[in-house]
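Hi everyone, thanks for coming along. Please have a look at the picture and keep it in view while I talk you through it.

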Amino acid sequence: MSEARGYTENKDAVLKRLRRIEGQVRGVEGMVVEDRYCVDVVTQITAIQAALDKVALELLEEHAKHCVIGAEEGEQDARTEELMGAVKRLMRHG
């Protein structure tokens, strides 16, 4: 078995949320197939982005608790830099 990650205990919940988002994406695809109103499609895309952001933030929170705070003293600075890089990438998209 692979190394435990910060989200390992909540893996089922994370997967459930990602599957729900996958369903939302398929729904948007259907909206395009049906030639639905542009603003309605964009509204659904915005909801998908918000849902993905929420999952990402929860993963980053678990990463901070498990991989940064829980890191050995000599690794904490590097893990903090890694975490902040991920936060910056996440914020740049929005």
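Let's start with a pair of side chains: Glu22 forms a salt bridge with Arg26, and their closest N and O atoms are 3.5 Å apart. By salt bridge I mean a side-chain nitrogen of Lys or Arg within 4 Å of a carboxyl oxygen of Asp or Glu. Side chains of opposite charge can pair when their charged atoms come close. Glu22 and Arg26 are four residues apart in helix H1, residues 11–33, so about one helical turn separates them. When I say helix, I mean a DSSP run of H or I with at least four residues, while a strand is a run of E with at least two; both are numbered from the N terminus.

Before going on, a word about what you are looking at. This is a predicted model, in which local features need pLDDT of at least 70 and side-chain atom pairs count only at pLDDT 80 or more, whereas totals for chains, interfaces and linings use all residues. Residues are numbered from 1 along each chain as its sequence is written, and side-chain values use heavy atoms, with hydrogens and water left out.

Back to our pair. Is Glu22 buried, exposed or partly exposed? Its relative accessibility is 44%, so Glu22 counts as partly exposed. The cut-offs are these: buried is under 20% relative accessible area, exposed is over 50%, and partly exposed is in between, using a 1.4 Å probe and protein chains only.

How many salt bridges does that rule give? The count comes to five. One of them joins the side chains of Arg36 and Glu34, at 3.6 Å from N to O. Arg36 is partly exposed, with a relative accessible area of 42%, and Glu34 counts as exposed at 54%. Another one joins Glu75 and Arg79, with 3.7 Å from N to O. Here Glu75 is partly exposed at 38%, and Arg79 is partly exposed at 28%.

While we are on charges, the protein has 14 positive and 18 negative side chains, and the centres of the two sets lie 4 Å apart. Lys and Arg count as positive, Asp and Glu as negative, and His and the chain ends are not counted. Each charge is placed at NZ of Lys, CZ of Arg, CG of Asp or CD of Glu.

Now let's step back to the whole chain. The protein has three helices and zero strands, and along the sequence the pattern reads α-α-α. The radius of gyration is 17 Å, well over the 12 Å that the globule rule gives for 94 residues, so the protein is more spread out than a compact globule. That radius is taken over C-alpha atoms, and the rule is 2.2 Å times the number of residues to the power 0.38. Along the principal axes, the C-alpha atoms fill a box of roughly 55 × 30 × 15 Å. Buried residues make up 18% of the 94 residues.

What about contacts, meaning heavy atoms within 4.5 Å? Of those with a separation of 6 or more, 55% are between residues 24 or more positions apart.

Ala4, in the segment before H1, is 62 residues from His66 along the chain, yet their C-alpha atoms are separated by 9.5 Å. Ala4 is partly exposed, at 44%. Glu9 is also found in the segment before H1 and counts as exposed at 79%. Glu61 is partly exposed, at 41%.

One last stop is the loop between H1 and H2, where you will find Asp35. Most residues other than glycine have a negative phi. Phi of Asp35, however, is near 55°, a positive value in a residue other than glycine. Asp35 counts as exposed, with a relative accessibility of 70%.

Definitions and conventions:
Contact means heavy atoms within 4.5 Å.
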